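Please look through the model below before reading on. The text then leads through its helices, strands and chain contacts.

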Amino acid sequence: MLGEGIIKGLAETARNFFGSYVRKERLTTVQYPEQRLPQIEATRNFPFLVFDGTDPDAGLRCVSCQICEKECPPKCIFIEKSKDKKPDAVGKPQFYPTVFNIDVSVCMSCQICVEVCPFEAIKMDVQYDYPTEDRFSALLFDKHELSKSNEYYHQIHPTEAAAVDAALAAEREAAAAKAATAAAAAAAKAAAATAVTSTQSNGATPAAAKPATPGAAADTSEAQPAGGEKR
Amino acid sequence: MTLTFLIIAFLIVAGTAAAMGFRNPIHCVLALTVSFAGIAALYLELGAQFVGFTQIMVYVGAVAILAVFAIMMTHRPGDPETRIFSRNAFVGVFTAAAVFAVIGWAILKQPATSAATQPASVSVQQIGASLMHDYVLPLEIVGLLLTAALIGAVVIAMDRKEDNAK
Amino acid sequence: MTPLQACLLLSALLFAIGLAGALTRRNAILVLIGIELMLNAANINFIAFWHYGPQPSQTTGIMFAIFSIGVAAAEAAVGLAIILAAYRHSRTTDLDKMNSLKG
Amino acid sequence: MIQTLDQVFVIAKHWLMGYVPSPLQPLTSAVLSIIPILIAFPLLFAITTWLERKGLGRIQNRLGPNRAGFNGLMQPIADAIKSLTKEDVVPLTADHIVHFLAPLLLVVAAFLAYSVLPVGRNMVLANLNSGVLFFFAVGSVVELAVFMAGWSSRSKYSLLGAMRAIAQMISYEVPLVLASVVVIMQAGSLSTVEIVEQQAQYTHGLPHWYIFTPWGILGFILFMIAATAESNRSPFDLPEGESEIIAGYYIEYSGFKFALFFLGEYLGMFATSGIAITLFLGGWSAPLAALTVVPSWIWFFAKLLALIFAFIWIRGTLPRLRMDQLMNFAWEFILPMALINMFVAGVWRFMAPGIVRWLVCAALVLAPCVVLAALLKRKKKLQLRTYSFAE
């Protein structure tokens, strides 16, 4: 019939019009600044730097290896290496960044920096609104703005953060064990040396030292390949 | 001669002169609409309401738009508008001036007749009645003419594909 | 000068300007517009004579003007169509260049 | 009391006129009549922009503007401030004078149309003998303004938009006038005041509105379709289709001039709605004899708002037509139907009143409608389109 489609369409829009007043689930609009959509766990936006403990300077995991700086496709990361060293997350003395800048107005949220980082130091943030009147310096985040605690990381990406923590803990344990072995070996060595010097005037006898620390020697031989694999 | 008449006369003459004198043809047509609107105002001033509104509707609403369309379709952006007046423009201007002189002389020579001073006004009903009674034949003829003009204009202006192919 | 004479003079001036334009302009469309202006001048005369004439209650002058407007509209439509057709043929609306009858 | 409320504006004007010396009275009278129009309709425009955005939002299950003021009621004011404070950019190569004059001409033409609209009983600016003709004459000036805007901007989009707009307006002006001719035939007058007065009579408490006749319904529908096209509203918004030519003929306008174009368009829509009300819906007359206690101007504005809502509703429903569909619709369906409608109105005029007349005329209206629609539907075939005028 003539105009049938038009009437059908008008009925449909009228249903929408009145329905939006009656049934609230029709209105799917999220009024942004006040209301926000729930974020899925894999949400990512801009990178941030993770630090352990409470002091952002001391606990920063970044060792300033500059891999992320080199890999970053839009080249938005700028790192300056320190001259001295400080212990890293595992406890090894490492360099640390004196300057670590990310220009988030250039960043394209590709997550490549996170994937290449060998130290679990850079991760993706979920914060997406950085309203500012200055689009240059206000969007160039420095080290202090980028540093966020591990607790925050746990908060935004719990599963991932737990996995990272477990890996780090294992590593730390391995490192600790290794350190202990090394220390024990050194101590045994020293002890043996003193024993030898005291009992025999010359002629080193490693065989004499061996029985003193059999477990430590075995530990060392086992720990070495494990550590090498990890790094 | 009232002030209103003088203003309207100025509008008409200025619009017409501009329409014939401007360089850009589109400007000419726009000036022409001023002139047409002035003529419509003159009709209203003279009490011919119906004719005045018809004037606006036909001339401003149709003829001017038609002319504008024709100009847009024939005017190429590369056209160098070197001379807007023809080679022997002087003859034309002279002829027009002579015509105006003769008509003006004739008008002013005419003794001023005491015209009927009763207010002239004809209602739309009267116009309709005379269109349908006294002037029904001219009306039909004009209707036929307009139909013929409509069809003729379409036929003339239509770009026939076979002509293009030749 | 009586009002009638003023109206007639105005229309004569309009006619003269239209004539001058029609005779001197090179653009065919503007020539047509000049002719339209001359028709309008004639219309002003009809209305002026009707208004200041002896019998303003008669509709004759108005009828004349209305029919004249109708004819002018038809003339404009056909005239512009002819100009378009001529343009398509000779690729110009310059009357000084349209100087050949050969198709 | 009811009388006083009905004529409150007329009485107020006379009261004010009492303080004016007699030589100045004609001028004052004109000014006092014009000012309410200059206030009321732009105000209605402001309200309509809000209504439209809210209504369209709800039709699309959105909220619409809700930030400025309660439920976004201050949105028109915010828009006005924004457009007034924006920079007025004129293209370098534009024709400055014409570019400046175009929005002014549009708004002036739109306002002129209100001078013949009877907004209430005894509330008309100029009771012209040929008021309807004046309305259409002024409406045709809008085309010129549109052309001026499109041409003077020196932009391809605006020129294309202007060409589309003019082609559409000329095509739909014919059915617009022809659809209103039936009312003029019946009323025997071109005066808007008289047309309304003829409809403001009641038998058995029902008014003599022309929409209650077969030719009136068809005429009203055709008129409203043509009016939608005349005011460039969806689904006939090709001249300003955002997805095709961005904003059409006013693309190069900014700031206050842009606001003027917007105002002019809405004023044109109100004016055509107003004339539709005057011609078919009984103008300011109440829909029932018992309801005449409500002041006449309230009825006029209520009907106007109802038509505006219909416009918004249609805008929210129908997609934009294609250019060839638009032209074919005008020349193949609306124009023949308007002519047939005129014939039916003639038959109505010469038949004796009664139910028979109504039924005969309804049949005379419906039959061609169905036949024409069926014919047009059958003609529709999927094929490669050929263009006669576009190379």
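At roughly what angle do the axes of helix α3 and helix α12 of chain D cross? This is a predicted model, in which local features need pLDDT of at least 70 and side-chain atom pairs count only at pLDDT 80 or more, while totals for chains, interfaces and linings use all residues. Residues are numbered from 1 along each chain as its sequence is written, and chains are lettered from A and ligands numbered from 1 in the order in which they are written.

Two packed helices are described by the angle between their axes and the distance between the axes. The axes of α3 (residues 25-59) and α12 (residues 296-317) of chain D cross at roughly 40° and come within 9 Å. Axes here are lines fitted to C-alpha atoms, for helices over the stretch in contact, with angles running from 0 to 180 degrees between N-to-C directions. Helices (H or I, at least four residues) and strands (E, at least two) are DSSP runs, numbered from the N terminus. α3(D) and α12(D) are therefore oblique to each other; angles under 35 degrees count as roughly parallel, over 145 as roughly antiparallel, 65 to 115 as roughly perpendicular and the rest as oblique.

On the α3(D) side the contact involves T48(D), L51(D), E52(D), G55(D), L56(D) and I59(D), which meet I308(D), I312(D), R315(D) and G316(D) in α12(D). Residues are in contact if their C-beta atoms, placed from the backbone, lie within 7 Å. By class, five residues of this contact are nonpolar, three polar and two charged. Ala, Val, Leu, Ile, Met, Phe, Trp, Tyr, Cys and Pro count as nonpolar, Asp, Glu, Lys and Arg as charged, and the others, Gly among them, as polar.

Chain D also meets chain B, in a contact that takes 20 residues from chain D and 16 residues from chain B. On the chain B side, α2 (25-45) and α3 (49-74) each supply at least two residues, and α3(B) gives the most, with 10 residues. Of the three pairs of chains in contact, however, chains B and C share the most contacts.

No contact joins chain A and chain B, and their closest C-alpha atoms lie 30 Å apart. Chain A and chain C are likewise without contact, with closest C-alpha atoms 36 Å apart.

Within chain A, three strands form an open antiparallel sheet in the order β2-β3-β5. Its edge strands, β2 (77-87) and β5 (140-141), each pair on one side only. Strands pair if DSSP finds at least two bridges between them. I102(A) stands opposite F141(A) in β5(A).

Notes: Two residues are in contact if their C-beta atoms, placed from the backbone, lie within 7 Å.
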